[in-house]
Amino acid sequence: MTSHYGRAEGEPPLSLPIAFIVRQTYLTLTIQSFTASQTGESRLEALMHSDRTGATRLLYIYELKNKYPGKRELVNGAGDLLLAMRDSILEGDYWTDSPSHGTIWLHRVSKKCGGAERFEDIAERWPDEPQWRRQGR
């Protein structure tokens, strides 16, 4: 994930490792996100497919919980991610009311995510991910 939070004009964005857990049933879709300092949960989700372009997008509104000593802050945001590479990649943009914005690039590492409740759990379970960053970015 890249973020423009706290960056001056022209300054390169921050690069941060992030993990998503996407759960889908016939009737529901939920997204959880994890970084070392924040957890997020979707409040509204939609999979949209365009017959004109063939593109499928994951659109969502979410709430982040920031973990700061002595303070708990909620941040709201939205994301628009393109489903690509035979449904193994999600990439696109996000925005928050903090205010921040940036890009997200995710690749599927597993279809089984039980027991992953924190970023540390995910990093421990899949330690071979190259610093949790997209190569070449």
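Colleague: How many nonpolar, polar and charged residues line the second largest pocket?

Modeller: The lining of that pocket has 17 nonpolar residues, along with 11 polar and 2 charged ones. Keep in mind that this is a predicted model.

Colleague: Noted. What's the volume of that second largest pocket?

Modeller: About 560 Å³. Of the 30 lining residues, Met1, Leu16, Gln38, Leu64 and Asn66 are the closest to the pocket's centre.

Colleague: And which strand gives the largest share of the lining?

Modeller: That's β6, with 5 residues. β6 covers 56-68, and it is one of the strands that each supply at least two lining residues. The others are β4 (29-34), β5 (38-49), β7 (71-84), β8 (89-96) and β9 (100-107).

Colleague: Lots of strands, then. What does the whole secondary structure come to?

Modeller: There are 9 strands and 1 helix.

Colleague: Switching topic. How many salt bridges does the structure hold?

Modeller: It holds 6. One of them joins the side chains of Glu41 and Arg43, at 3.2 Å from N to O.

Colleague: Why would side chains like that pair up at all?

Modeller: Side chains with opposite charges can pair when their charged atoms come close.

Colleague: OK. Is Glu41 buried, exposed or something in between, and what about Arg43?

Modeller: Glu41 has a relative accessibility of 34%, so it counts as partly exposed. Arg43 is partly exposed too, at 46%.

Colleague: Which residues does Arg118 bridge to?

Modeller: Arg118 pairs with Glu120, where the closest N and O atoms are 3.8 Å apart. Arg118 also meets Asp121 in a salt bridge, at 2.9 Å from N to O.

Colleague: Which residues are joined into one network with Glu41?

Modeller: Salt bridges with shared partners link Glu41, Arg43 and Glu63 into one network.

Colleague: Last bit, the overall picture. How much of the protein is buried?

Modeller: Buried residues make up 33% of the 137 residues. The protein exposes about 9,200 Å², and carbon and sulfur atoms supply 53% of that area.

Colleague: And what share of the contacts with a separation of 6 or more comes from residues 24 or more positions apart?

Modeller: Those pairs account for 30% of them.

Methods. Residues are numbered from 1 along each chain as its sequence is written. This is a predicted model: local features need pLDDT of at least 70, side-chain atom pairs count only at pLDDT 80 or more; totals for chains, interfaces and linings use all residues. Side-chain values use heavy atoms; hydrogens and water are left out. A salt bridge is a side-chain nitrogen of Lys or Arg within 4 Å of a carboxyl oxygen of Asp or Glu. Buried means under 20% relative accessible area, exposed over 50%, partly exposed in between (1.4 Å probe, protein chains only). Helices (H or I, at least four residues) and strands (E, at least two) are DSSP runs, numbered from the N terminus. Contact means heavy atoms within 4.5 Å. Accessible areas come from the Shrake-Rupley method with a 1.4 Å probe; for residues, only the protein chains shown count as cover. On a 1 Å grid over the protein atoms alone, a cavity is a set of points where a 1.4 Å probe fits but cannot get out, and a pocket is an open set with protein on both sides within 12 Å along at least five of seven lines; lining residues have an atom within 4 Å of a point. Grid points are joined across faces, edges and corners, and a volume is the space filled by probe spheres set on the points. Ala, Val, Leu, Ile, Met, Phe, Trp, Tyr, Cys and Pro count as nonpolar, Asp, Glu, Lys and Arg as charged, and the others, Gly among them, as polar.
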